[in-house]
Amino acid sequence: MEDEVFDQIVSVFNKLVSWVAAGAMVFGGVVPYIPQYRDIRRTQNAEGFSTYVCLVLLVANILRILFRFGHYFETLLLWQSIIMIATMLIMLNLCTDVRMATELSTKRRSFIATDNKDEEVRIPKRLFLDFDWNYFWSWSHFVDYVQCVVAFTLVAVYITYLLLDSVMFVETLGFLAVFTEAMLGTPQLYCNYQNKSTEGMSIKMVLMWTSGDTFKTGYFLLTQAPVQFWTCGLLQVIVDFAILFQVYYYSRFPQKPVSHNVNHTTSAKAL
């Protein structure tokens, strides 16, 4: 009787651990964006967060979903991609609204300073359908970003449908999906190297990414996910630790300050 009770307790514990791990896998990737979202809403300033982060993650997760049609992987990873796409769209919506409000406020102050009327304040509209590469991913309205994402998705779906029988294409698609996401921290790594400093970068955010990427990579290895997933996961962890090493090195051995105009006030994932 005691053995049966013990076995039941162990079984319940194992299920609980599995549920917690599954929840962490699905939602862990979006947790670091919660303080970022709150900071932008509180300060009404989105300059510290690059919307190119959203672009990279949208592309990576759309390609990952398409990869599943050619190479099956766990449903949890599918939900992770869906939730990440939704999160990036929410971030884009907020950043676009804040940026446009900031531009309008700046224009209005300029017009007031020159004794012009507020009715004359106009902000040039930048639309996706203009196909102006000078303003790519810097459009005036959230709907333009949605149009771009939908257009990319439709093209990617069509190409995948045509080449789904090609093993090389499917494996390459999976590699591109996870490699794109794995390279997300490299611009910040290079920026720190150029500036010889990590001043202004949120160490808390980098630590959250490092712990999340480490857990994710371990999960890929334990569940025997496709090789593209865990190899690029290891690469992502290496980039995170390289950034943490920069934090240690530049704080222990301060370098000569380098004048720069680049704003990198958020995280290793803010390009």
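**View 1. The whole chain.** Of the 271 residues in the protein chain, 38% are buried, where buried means under 20% relative accessible area, exposed over 50%, and partly exposed in between (1.4 Å probe, protein chains only). This is a predicted model, in which local features need pLDDT of at least 70 and side-chain atom pairs count only at pLDDT 80 or more, while totals for chains, interfaces and linings use all residues. Residues are numbered from 1 along each chain as its sequence is written, and side-chain values use heavy atoms, with hydrogens and water left out. The protein chain has nine helices and zero strands, taken as DSSP runs numbered from the N terminus (helices: H or I, at least four residues; strands: E, at least two). Among contacts between residues at least 6 apart in sequence, 75% join residues at least 24 apart; a contact means heavy atoms within 4.5 Å.

**View 2. Threonine 96 in helix 4.** Here we look at threonine 96 in helix 4 (residues 75-113). Threonine 96 counts as buried because its relative accessibility is 1%. Beyond its neighbours within four places in sequence, threonine 96 touches Trp139, Ser140, His141, Phe142 and Tyr145.

**View 3. Cysteines without a bond.** You will find zero disulfides in the structure, a disulfide being a pair of cysteine sulfur atoms within 2.5 Å. For cysteine 95, the closest cysteine sulfur belongs to cysteine 54 and lies 5.9 Å away, so the two are too far apart for a bond. Cysteine 95 is buried, with a relative accessible area of 1%. Cysteine 232 also counts as buried, at 4% relative accessibility.

**View 4. A nonpolar patch and tyrosine 161.** Val155, Tyr158, Ile159, Tyr161, Leu162 and Leu163 make a nonpolar surface patch of about 660 Å². Patches are made of residues with over 30% relative accessible area and no salt bridge, joining like charges within 9 Å and nonpolar side chains (Val, Leu, Ile, Met, Phe, Trp, Tyr) within 5 Å; a salt bridge is a side-chain nitrogen of Lys or Arg within 4 Å of a carboxyl oxygen of Asp or Glu. Tyrosine 161 sits in helix 5 (residues 142-163), and its 67% relative accessibility makes it exposed.

**View 5. Lysine 196 in a loop.** Lysine 196 belongs to the loop between helix 7 (186-195) and helix 8 (203-222). Lysine 196 counts as partly exposed because its relative accessibility is 28%. Tyrosine 250 is 54 residues from lysine 196 in sequence, yet their C-alpha atoms are 6.8 Å apart in space.

How values were computed:
Areas by Shrake-Rupley, 256 points an atom, 1.4 Å probe, with all protein chains shown as cover.
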